[in-house]
Amino acid sequence: MKALLIPVKDPANAKTRLAGLLSTDERKRLAWAMFEDVARAVCEAQKPHRIVLVSSFAPAVERARSLHWDVLIEESQMSESASVDWASRILGERGFDTVMRLPADLPLIRAEDIDAILSVTLDRPGSVLVPSRDGTGTNAIVRTPANVFPSRFGPKSLSLHRQEAARVGASCVVVANERIALDVDEASDVELLLELGRGTQTYNTLVEFDAQGPLVSRKERNDTQRTQTR
């Protein structure tokens, strides 16, 4: 069986690299909008047998249950890797031989993207890695068995995951997907979303922010202020 695992952290701590562009409240709203876009795609996907949220954030837990997802509640959130590995271990014990970790900040993702990644034929043990837009991160990962090697999310995670797969003798397939590649961490990602994201809740939220004060002007103003204080 195949499970789709979505880790969600408290948005109060989300998207700190956008602090020069968006206020704390705006970053929270952006994180939630992206989660809703991911949820829409996930609910339309056909390949996952179960959808599982791992989180300690009550609104996300409530939303997941309203969508009839399974929920694993964390007592604390140490890191993305720790959350995913803890949940993957539990899912393996529950009979899921394949787990796909999907982050909650991929606003362009569609159901067919999820189904395509879960349709890749893998040897056992094996893995699929979907890189981030800059080619160094891991925006989605499929592992079979579920906990065949540990997660290494963070800087240069793509190469680190490939090393982990090689260490345990697991096959590793790297699959490029433009929509999965676009997460939102930097100001350039926001600008790209405003170009490509029409029809998503994330786009509508960013347009609302932009109407209150052009985002490009905010960035230029904040960059100037940082330069002057050096």
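## Close-up views of the predicted model

**View 1. Ring pairs join Trp32, Phe35, Phe57 and Trp69 into a cluster.** Residues are numbered from 1 along each chain as its sequence is written, and side-chain values use heavy atoms, with hydrogens and water left out. Rings of Phe, Tyr and Trp (its six-membered ring) pair if their centres lie within 6.5 Å; planes under 30 degrees apart count as stacked, over 60 as edge-to-face and the rest as tilted. By this rule there are three aromatic pairs. Take Phe35 and Trp69: their ring centres are 6.2 Å apart and their planes stand at 90°, so this pair is edge-to-face. Phe35 belongs to helix α1 (residues 24-44) and Trp69 to the loop between α2 (58-66) and β3 (70-73), so the pair ties together parts that are 34 residues apart in sequence. Helices (H or I, at least four residues) and strands (E, at least two) are DSSP runs, numbered from the N terminus. Phe35 is buried, at 2% relative accessible area, and Trp69 is buried at 6%. Here buried means under 20% relative accessible area, exposed over 50%, and partly exposed in between (1.4 Å probe, protein chains only).

**View 2. Leu206 is a residue of helix α8 (residues 201-212).** With 0% relative accessibility, Leu206 counts as buried. Leaving aside neighbours within four places in sequence, Leu206 is in contact (heavy atoms within 4.5 Å) with Leu30, Val190, Leu193, Leu194 and Leu215. Its C-alpha atom is 9.5 Å from that of Arg29, 177 residues apart along the chain.

**View 3. Helix α5 (residues 157-167) has the buried residues Ser157, Leu158, Leu160, His161, Glu164 and Ala165.** They span an arc of only 165° around the axis, which puts them on the same side of α5; the arc is that of the directions from the helix axis to the C-beta atoms. Covering these buried residues are, among others, β5 (126-131), β6 (138-144) and β7 (171-174). The face turned away from the buried side carries the exposed residues Gln163, Ala166 and Arg167.

Note on methods. This is a predicted model: local features need pLDDT of at least 70, side-chain atom pairs count only at pLDDT 80 or more; totals for chains, interfaces and linings use all residues.
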